[in-house]
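Hi,

Here's the structure I promised to pass on. Have a look at it first, and then read my notes below.

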Amino acid sequence: MAEPAGGRLIRRGICHLVGDDVSMDDGIIPRRFAAERTTDPQLLLPHLFANIDPALAGRMQHGDIVLAGRNFACGKPRVQGFIAMSALGLAIVCRSMPYRMLRRAVARGMPVIVGGPDPAALAASGDELEIDFSTGAVRNLSRGMHGDVPAMPPILRDIVAAGGMQAQLLDWLARHPEQAVEPQGNLWSATDN
Amino acid sequence: MTSTHDSRALRPQAQRATAVQKLLARAAGLDHVTVGEVVYPEPQLVIIHDGFVEAAYRELSALGFRAIRHPERAMFVTDHEVAYASPQAISRGAAIRDIARRWRVGHRYDVGRGGHGHLFPLENGMVQPGMFLFAYDMHCTTFGAAGALALGVGPEITTVLATGSLWTQVPATIRVELSGGLPPGSHARDVGFVLTHGLASGRWGAEFDSRVIEFGGAGVAALDLAARVALCNSVTELGIGAVLFEVGPPALHSDPAADFAARLSLDLDGIEPQVALPGGPERAVPVGTVAGRAVQHAFIGSCGSGMYEDFVAAAALLRGRQIADGVRMFIVPGSVATAQRLADAGLAQTFMAAGAVMLPAGCGPCAGGLMAPLGAGEVSISTAATNHAGRMGAPEGQPYLGSPQTVAASALRGCITDPRELCADG
């Protein structure tokens with residue numbers, strides 16, 4: 001991979017606090033949508049976090065920020081939760097989340113910070129925040145407060161800035177046009193067993 | 001609060017690095033890496049099995065890729081559906097050969113050639129201590145038995161094929177200090193069950209999500225490669241990141257003052273035979289807890305217990321005896337080379353004389369029951385990598401796990417049996 005450019009990544013939006021252990025298979029989206037294999041974001045969006053607060057989805061705007069506690073997106077790795085959250089352009093700051101879920105969030109181009117403090121130390125639900133994912137600086141615009149969270153690693157910022165993993169692969173191909181052509185001739189001696 | 005990810009001032013001294021930090025730093029071309037840092041390590045080998053080659057090709061072709069970044073590092077292995085059991089498997093085999101040719105894949109192990117992709121590269125020297133690999137399948141942790149770092153990344157392996165690397169966050173390490181030696185009748189597999197159960201139940205209060213489990217201490221010397229493979233394999237399903245044994249060049253071992261996330265000790269002398277109840281290796285109990293449960297299906301093999309020494313241990317119990325009426329038992333060598341050794345040494349004869357069936361080298365029933373499956377309402381005991389519902393066929397079956405000796409003893413008696421009872425019989 002190329003050296004990370006690690007450009008700036010700043011998000012401004014209303015924040016929504018959720019607690020610890022908000023699970024992938026029920027907390028983020030009710031599990032029936034996984035059972036029904038629903039993947040249309042428009043069908044999923046009205047039900048985001050419905051088991052925590054049925055009215056929460058109605059208050060969420062594109063580009064908002066989820067402040068979560070420990071073990072965010074735990075449980076069975078259903079795809080519906082990330083389909084909906086990424087379609088709404090949400091960013092995530094949490095105390096912890098399973099590594100494989102961090103990978104999924106980044107793959108879908110979501111700004112995400114792991115290792116944050118207790119969400120209540122940063123804001124209350126409804127506050128407007130500005131988060132610089134490249135430095136970890138948090139401005140609570142509603143309260144005139146400042147806070148710090150860990151920065152998002154530059155390699156991950158690049159993937160998110162590109163629009164996710166698939167967009168980064170297309171970008172890679174554009175920079176390596178030789179990989180758009182099927183190899184010709186015997187380029188090396190393969191071990192064929 | 002300062003950054004935990006990219007604080008150069010906070011980089012630890014070289015003398016405090018864990019083995020995984022050293023291996024990832026080397027693979028990423030860096031002097032040091034910190035835990036939590038995100039890097040692009042370059043693998044020396046990229047392994048994909050027959051269950052995912054076509055999907056990888058479709059995904060990359062749809063994006064416009066016609067060539068992969070480092071074909072000379074890529075390895076295709078057919079180990080999941082070896083003896084094609086369906087017309088689909090036959091056409092899949094043809095597709096894999098075609099894709100390997102189009103992409104100029106450097107290492108292709110077709111049906112009946114290598115065997116299990118997590119085992120034969122250990123036996124033929126392709127995987128060496130200190131190597132770094134990416135693989136599609138999570139059970140590539142077996143390479144930790146040789147001191148190689150292998151990360152199973154699932155479908156993201158397509159990114160490795162396309163670009164030559166994949167972002168990797170340097171994981172924390174749980175150090176497990178082994179002491180003593182295993183008593184007769186106990187096996188490294190039993191150590192793995194004790195450890196897996198202990199970690200899952202919070203016995204040591206250690207977080208294990210995506211951590212590296214590192215085995216060191218005086219007890220390591222008492223474990224041969226097959227035993228180390230069994231131990232690496234048994235802890236994999238917990239959701240750990242990788243497993244490493246402290247073998248190979250000392251320069252690549254963890255420094256004595258390395259910053260481990262947790263340190264545990266296990267005395268091998270105190271390990272008794274275990275059985276994992278259906279649902280996962282972490283559901284382990286001492287074998288006596290479920291002794292007497294009737295079994296109809298048994299197999300020895302899979303990436304965790306498919307090496308020559310595993311079969312020697314089982315054959316010692318099966319020699320001169322007959323497996324119980326109503327039990328069908330399958331022997332699945334991990335590699336073609338192991339299958340040949342079993343034949344040369346007369347062990348294949350021992351297994352067949354006892355009434356067991358020899359299957360071709362590969363995953364055996366553990367690959368979703370594509371071969372020799374478990375039926376609904378039946379009970380199985382095996383050395384499979386895991387035993388969640390449907391792993392070996394019918395979701396309504398009851399798959400238990402045990403060591404090669406426990407599986408052999410249970411097949412002989414027709415019910416779950418403590419192998420020490422048969423050892424005592426002489």
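**Where the chains meet**

The contact between the two chains takes 35 residues from chain B and 31 residues from chain A. On chain B's side, β4 (107-109) and α5 (157-163) each supply at least two of the residues that touch chain A. Sorted by class, that side of chain B has ten nonpolar, 13 polar and twelve charged residues. Keep in mind that this is a predicted model.

**A pair of helices in chain B**

Next, find helix α6 (residues 188-200) and helix α7 (residues 225-234), both in chain B: their axes come within 8 Å and cross at roughly 25 degrees. Angles under 35 degrees count as roughly parallel, so α6(B) is roughly parallel to α7(B). The crossing of α6(B) past α7(B) is right-handed. Which residues make the contact? From α6(B) they are Ala188(B), Arg189(B), Val191(B), Gly192(B), Phe193(B) and Thr196(B), and from α7(B) they are Ala227(B), Arg228(B), Ala230(B), Leu231(B), Asn233(B) and Ser234(B). By class, this contact of α6(B) with α7(B) has six nonpolar, four polar and two charged residues.

**The core**

The largest nonpolar core has 199 residues, and those touching the most other members are Ile92(A), Val112(A), Val46(B), Ile47(B) and Leu133(B). Helix α8 (residues 308-318) of chain B gives the most to this core, with seven residues.

Cheers!

Definitions and conventions: Residues numbered from 1 in each chain as written. Chains lettered and ligands numbered in written order. Predicted model: local features only at pLDDT ≥ 70, side-chain atom pairs only at ≥ 80, totals over all residues. Axes fitted to C-alpha atoms, helices over the stretch in contact; angles between N-to-C directions. Helix = DSSP H or I, 4+ residues; strand = E, 2+ residues; numbered from the N terminus. Parallel < 35°, antiparallel > 145°, perpendicular 65-115°, else oblique. Left-handed = near helix turned anticlockwise from the far one by under 90°. Contact = placed C-beta atoms within 7 Å. Nonpolar A, V, L, I, M, F, W, Y, C, P; charged D, E, K, R; others polar. Core = buried A, V, L, I, M, F, W, Y, C linked by C-beta atoms within 7 Å. Buried ≥ 20, exposed ≤ 12 C-beta atoms within 10 Å, placed from the backbone.
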